[in-house]
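The structure comes first, then the contacts.

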Amino acid sequence: MAFRRRTKSYPLFSQEFIIHNHADIVFCLVLCVLVGLMFEVTAKTAFLFILPQYNISVPTADSETVHYHCGPKDLVTILFYILITIILHAVVQEYILDKISKRLHLSKVKHSKFNESGQLLVFHLSSVAWCFYVIVTEGFQVKFFYVGQLAYWMHSLPELYLQKVRKEEIPRQLQYICLYLLHIAGAYLLNLNRLGLILLLLQYSTEALFHLARLFHFADENNDRLFNAWAAVFGVTRLFILTLTVLTIGFGLARVENQVFDPEKGNFNTLPCRLGMLLVVCVAQAWLMWRFIHSQLRHWREYWKEQSARRRIPAVPRPPARLLKREPGYHENGVVKAENGTSSRTKKLKSP
């Protein structure tokens with residue numbers, strides 16, 4: 001992992017060299033962009049990487065309000081923040097997760113899951129706080145929030161290679177990465193910013209509870225109370241997400257007068273678009289609920305099998321101890337010890 005002192009060296013630009021030094025390489029690229037701000041010739045290009053683009057000033061009664069919309073230049077900004085996210089990922093791994101995992105002495109499988117939950121817990125908690133702040137302020141922060149969210153989930157794709165994730169874990173992680181990218185990009189491109197913020201706030205709060213419960217379970221395998229709390233919250237969250245989506249898209253947008261497909265103005269409020277959005281959200285939530293129920297049933301079967309196996313094992317009775325009435329000076333091998341330390345062979349005493 002980057003930023004760490006190593007005793008082993010790898011060939012320059014080899015696979016192991018890139019994996020172990022990827023954060024340092026990315027940090028150099030970020031520095032090149034920041035240095036570009038210092039020169040007038042390259043400052044305009046550097047700002048294209050750092051600042052959100054496509055801002056429009058709308059005059060109001062008191063002052064001007066700045067609105068942002070999306071465009072192809074956003075990909076350049078997202079690329080820059082992908083690099084920033086890779087660096088932050090390495091910092092969290094190096095200075096927080098690695099130090100905790102060393103004390104827990106986890107196996108390779110648990111160590112991989114511990115790192116995954118640790119990274120996602122930090123991201124979900126910070127995103128929940130960011131969601132609250134954006135809902136209050138709006139404006140510039142809304143676009144920057146979506147750029148940061150897309151950058152994080154896009155950075156998760158190369159991290160599967162850089163973190164040497166096991167092949168068995170890659171399909172599962174690809175599933176939720178693609179789901180997040182689909183929903184966040186859809187809300188961003190279709191101008192469903194407020195709805196997307198609220199839905200992400202609900203989703204991230206539930207996921208933060210799950211990964212917190214997972215970390216406590218790795219520290220103490222008997223600690224499953226938070227999993228029970230997460231199981232209760234998970235179903236309620238699915239219900240809230242479906243309800244808000246149907247009310248907003250199915251009923252709210254359907255009553256808006258301007259229902260013309262106009263991508264230049266960011267208007268996608270047409271019947272096919274609304275049906276497509278509802279279909280994507282409903283199918284995703286139904287799939288998540290089905291996986292949740294299937295997982296809970298599997299855990300319950302394993303629990304009851306373990307309990308029934310314990311009941312079938314008969315308790316082995318302990319043989320009653322033979323109570324022998326022993327006299328002073330008696331020894332088990334029939335030797336009676338005299339007071340002067342000598343011993344003589346006698347007949348074994350019989351129990352009454």
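## Helices α7 and α8

R172, Y180, I184, A187 and Y188 in α7 meet N193, G196, L200, Q203, Y204, E207 and R214 in α8; contact means heavy atoms within 4.5 Å. By class, this contact of α7 with α8 has six nonpolar, three polar and three charged residues. Ala, Val, Leu, Ile, Met, Phe, Trp, Tyr, Cys and Pro count as nonpolar, Asp, Glu, Lys and Arg as charged, and the others, Gly among them, as polar. Helices (H or I, at least four residues) and strands (E, at least two) are DSSP runs, numbered from the N terminus.

The axes of α7 and α8 are 9 Å apart, at an angle of about 155°. Axes are lines fitted to C-alpha atoms, for helices over the stretch in contact, and angles run from 0 to 180 degrees between N-to-C directions. The angle therefore makes α7 roughly antiparallel to α8; angles under 35 degrees count as roughly parallel, over 145 as roughly antiparallel, 65 to 115 as roughly perpendicular and the rest as oblique. The crossing of α7 and α8 is left-handed, a term for a near helix turned anticlockwise from the far one by less than a right angle, with right-handed for clockwise.

## Basis of the values

The model is predicted: local features need pLDDT of at least 70, side-chain atom pairs count only at pLDDT 80 or more, and totals for chains, interfaces and linings use all residues. Residues are numbered from 1 along each chain as its sequence is written, and side-chain values use heavy atoms, with hydrogens and water left out.

## Helices α6 and α8

Helix α6 (residues 140–162) packs against helix α8 (residues 193–219) at an angle of about 50°, with axes 11 Å apart. That angle makes α6 oblique to α8. The crossing of α6 and α8 is left-handed.

From α6, the residues V142, F145, Y146, Q149 and W153 meet N193, G196, L197, L200 and Y204 of α8.

## Helices α4 and α5

Helix α4 (residues 74–104) and α5 have axes 10 Å apart and an angle of about 135°, which makes α4 oblique to α5. Their crossing is right-handed. Residues of α4 in this contact include H89, Q93 and L97, and those of α5 include H111, F114 and N115. The contact of α4 with α5 has six nonpolar, seven polar and no charged residues.

## Second largest pocket

The second largest pocket holds about 1,200 Å³ of space. On a 1 Å grid over the protein atoms alone, a pocket is an open set of points where a 1.4 Å probe fits, with protein on both sides within 12 Å along at least five of seven lines; lining residues have an atom within 4 Å of a point. Grid points are joined across faces, edges and corners, and a volume is the space filled by probe spheres set on the points.

Of its 38 lining residues, Y68, N191, L192, N193 and G266 are the closest to the centre. β2 (64–68), α5 (108–137), α6, α7 (170–189) and α8 each give two or more residues to the lining, and α8 gives the most, with five. The lining has 20 nonpolar, twelve polar and six charged residues.
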